[in-house]
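Dear colleague,

I am handing over the structure below, together with a summary of what was found in it. Please read the notes beside the model.

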Amino acid sequence: MRLCATCALLGLLFLTVFDISECLQTTVRPHKGSTVTVSTELPLDQCAVCTVSGVNDTSCHSSLSLVPEEEVKLLFNCSQPIEQAYTVTISRTIECTKDACSPVTVETQPSILTEFSRTLSWEVKAPEKTVVGLDIIGDGLIKTTQPCTNGIQYSMTTSKTNAEVSQYCRGGSMTRFDLTNQAVVSLQVKPNSQVDSVVFQASAGPLKGRTMVITVDSSTTVVISRDPKEAECDVCSVDGSTPDCRPTEKTMTNVERLSLEFSCQKPQEVYSVKMKKKIECTPSSCTPAAGEVDPDLFKDFKRSITWDISVPERTVLTLDFPGGLKENTGAENCDDGLQYSVSTTKSDGKTKSNSYCKSGTVSQLDLLGATTVTVEVPKGVELDAFTVKAAPRGGRMLIVTPDPDTIITISRVTSEPDCSVCLKMDPKQKCEPTYITLKDPRNTTVEFTCPRPQDVFIVEINREIDCTETSCSGNIGQAESSLFPDFNRTFTWDLKVVATRAFQLDFPEPGMRQIPNKETCPDDHTYSLVTYLRTGPATIGTFCKGGTVTTILARYKGRMSLQVPGDRKLVPIDFKLNVGPETSMVAIVKVNLPRGVSDTDFISANYPSDFPDNQQMQWHFTVPGMHNYTMRFRNHTSPECLNNEVEVAYQKEEKKAIKLTLTDSQPQHQQGNFNMVLKNCETNTTLQGLTLNYRVSVMRSGHPVLCAVDLTKRKGVSLQIEKVGSDPYCEMSINSKVEKKIHVEAGTKAGLAFLDCPHEDVRLTASKVIGCQNLTSCSATLLTVPRLDSCLAMPLHSFTWHLNVPQDSTVELTSPTGSLRQSLPGQECNQSVSLHVAEGDGFSVGEFCFKGMIQKVQVQGNVSVTATAKDFSKIKGHFLNVNYSREIAESIIYRVSPMESSPTLLATPNWPQGMKPSSTVAWIVTVPSQYQAHVHFVNISQPKCNDRHTAIKVRMLGDDEEMLSRREDEQAEDKLTVPRSFYLNMSNCIPEERNFGAVTKIVLQKKSNLLAILLGIAGVLLLLLIVLAVVCFVTKKKKKDKMNEESAIYMGKGNIFRPGDSHFTKARSDNESHVYASIDETMVYGHLLGDSSYADSMQDHFNGIQVDSYKTFTGPTEAELPVIKEPDHEPEMDQFKTFLDPSESFLPPRPRTPINRQDSLVFEDRRMVDNELYTFKSTGGINTIRLSGVDMEPQPSIVTEDSL
């Protein structure tokens, strides 16, 4: 007990309010039958309700119950506003019999404690099967879930223990509560709100239950049940004279117009209904075809409706929901109370369930297996039917052919939907629900029992590559890219070399980029490399295409893998696989750092897990020239070492290694290539191990290459330098001004600077102007490349000579090698030097190289010649000879000498783009005297002329008549034979459309000699006549006596004569070969005797003794010959004997003189057989024809210095 200090001065008679608290004193007298409770939730020292009985007699409490019909003075004292600190509860009981209630009029005592929030409640007490009616006085009520605006809210519950409370506000149509025993009605009144003194009129009467008539078909089972905690209410079915009553549950099926009687007026408040319906499906249809119920059956009850749908194997069940569904992933209820639940039982017995609400995007569900659909329907809500369809399960079939040495594994990764993978194997299929493996390199049929197996299975394609000590059995490439294109795929290559060696992976341009492990690449092609150590696998890294890593070496055995999702097309890429050197490192990573400013991150093996114990890993960095690098350790963990220490070693070529710890300052602003080695110790594996994540930063060193160019001593020479590479960090400047293209004019000096510009990214070209004022001052010129400043480190790409001549002049170009060749299709220039010739206005004449059929090119007006070479430093001498002459009639003239061995192609200038409008071109073609030219226009492009005409003309040199004249609108033969040198001219019009151009092919062919053919025929006839005459002469001669014959050989220079040698197998008397008929030599060879040029052309040792005609031999003319008697003739022999060697047949005897084959009697010189005199047709080397059938002994080879 304590006194309120703020009211002590006036005792209990006055109310005084102080700043520190609020006080209220009032007198209360509760009505009979009312229980009034005043309470506060605040602590007693902060807020209290006190009873005042007399002076200084006050009792304070946190909660105080008042005695009915006793007046009490209350004092409220609180540190908080009292209207918010206290609550008042006024409870009453309505006692009812079977036909009356007390009190009949339910009053509120509205004036009691109006300053506080009040709760007025009435509990109904009534006998069983009695209903108590509370008629609402005044305006009706409306059910609500929101607070009432007038501060007075009604609520009703069937019992104190029932948590389900219904709330109402004034202003509705509800005028009566029908209640049973233990029901409670309450009013919540806010402070200072006025409440009516009478709110209900109570009455009682016997409980009249509800009767309803229902029909349930044979496919439906209805169970109506009541929670025993709810108010009692029996349900009876009247089917005959005796009703069947159940207090809590009743089941009905296959009944028609069955009468149900409930012992309560509102059975829907205590009963709930469960309906089960069956739908049976075949592979193509379902009966019934819709999930629906009688909309009036137990409509005002809370219903749970279940459809059990059975389907055969490999059947797809399709449910269509009008208005759509949305999946309800949480535990919250749907807004409209309609809750759908769909459960499917898979072939392995597992069940999958999903919950849905109405009004979503899911309008169709395709299900595999037996399905149960359950809908929770609130009271009074209508249910829309859904349709049920069945169709054969749309499986998917693939024909797969694994590559040799390849293993394909198909494995399940999700539990849904129900799907198996099957292989066609005689005599039946083999189906597996989880995984299957393919190894045979033959066509294999793979069948999936679901339409979208790519959502269920993934594919791993594995290949083993074994390496010897020197080579591997293949490279890493995705040859299997066509297999399972829409599945999530993992390509793996198991690599193995001998235990002491490493396998080496060379990545194609532009290299690979390392990313954190378990991340994916932007293009969804994610590569990873694992090496297998004695302690277990170690992940070297995860990589994406396009980066700085060019090569990785890993020890002994590893696996390279590529992961590609099913929605991404595989982009094939090949890695070169080689056998690397012996190494003690877990891996060696080779990195080409990029030019310019860059930051590249790297991680240790297994990061963020521990680096393997007692292992080393090396990174080899190639740093671009003129760049600095800095090492930064972004994140690392140090292990507890049991043996040795963790160290980081840096080493440059031919320099001593620098060993540091993880916490030391790492290299900064260094240059040059280097190796970094991370070495681990033996660690305490129960603690955190070694990890390292570091960054290599590269920046330009800022040292430009300077070059001072002086063109004052090189007359007419200018330079052009431009960037051709894509490197954005290459910077060029001239006289301290940065330019993308530099031009150094002739006769000037310039200071050039190049910052981070590789030679291949910069192109140097030069030009020279050569000119003269008048034709007399224009002297012959040799086109040579002058020496440029040595500080220009980049190679010269091309050099151009601009030949400027006076008006009405012509430039003549000839090759120092003798001829030129135009580069054309089929006649390409593949030499290291090419020459591009253009007219003064830049119009192209053509591309030329050396050693062809063009002897000279004449161009009217100014000309530019551009030489392009692979390496100008290796070219000695000049490129072209330049002469000048007066103006020519055509724009361009070629002087051409076609080759006998191959066709010659001639093309119009600027082929194939076309000639310049109103220009002309001519070819003066020289044809050898014994040849004729076949001219073929193989490709002609004719324009549509706006003014004038195009023309193609052919005329032999020296003739005025044209052999061919053709315009663009005329049709003419495209082939022509020209018997001698000729003139080919083409002229262009002013075209309106298209261009004029042509390619002409010239083939030389030797002329046929008709006179020689006729003389040959005449010679054959004459020979036949001579043979006939000889035969007749021999026949007559045989009649004569045989005479001794002598044979003699006369040498023109007189000197040896030996008669009597018998070299013929027959006697002289039988051999008439020495007898000649009368021959008029002048008639046979006289036409040749006047051609002195022929004899003059012969070599001296072939001239010999020349006579005008044949004369009978009368003996030597140089010396007197001895008289020698011939011996008797030898008898005839059957076998023919060849001539003796001259050394055996001549007298006096002398030693054998070696002779060459061409001096032997059994050989004849080929040069003598092409004219009537049997003389030499040329003065070239000896070319013999063998006449004898006797095998020749091989001549001894000539020993030369080279043969030794």
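Where in the protein chain is confidence lowest, and where is it highest? By mean pLDDT (the predictor's confidence in each residue, from 0 to 100), the lowest value is 39, in helix H5 (residues 1142-1145), and the highest is 96, in strand E54 (residues 674-679); helices (H or I, at least four residues) and strands (E, at least two) are DSSP runs, numbered from the N terminus.

This is a predicted model, in which local features need pLDDT of at least 70 and side-chain atom pairs count only at pLDDT 80 or more, while totals for chains, interfaces and linings use all residues. Residues are numbered from 1 along each chain as its sequence is written, and side-chain values use heavy atoms, with hydrogens and water left out.

The mean pLDDT of the protein chain is 82, with 83% of its residues reaching 70 or more. Over residues 1-19 pLDDT stays under 50, and the model has 35 contacts beyond four places in sequence for them, a contact being heavy atoms within 4.5 Å; over residues 1166-1204 pLDDT likewise stays under 50, with 69 such contacts. Where pLDDT is low, the predicted coordinates should not be read in detail.

The secondary structure comes to 5 helices and 85 strands, and of the 1204 residues of the protein chain 41% count as buried (under 20% relative accessible area, with exposed over 50% and partly exposed in between; 1.4 Å probe, protein chains only).

Arg303, in strand E25 (residues 302-310), is buried yet has no salt bridge, and the nearest side chain of opposite charge, Asp294, is 7.7 Å away. A salt bridge here is a side-chain nitrogen of Lys or Arg within 4 Å of a carboxyl oxygen of Asp or Glu; Lys and Arg count as positive and Asp and Glu as negative, and His and the chain ends are not counted. Gln822, in strand E67 (residues 820-822), is buried, with a relative accessible area of 4%.

With best regards
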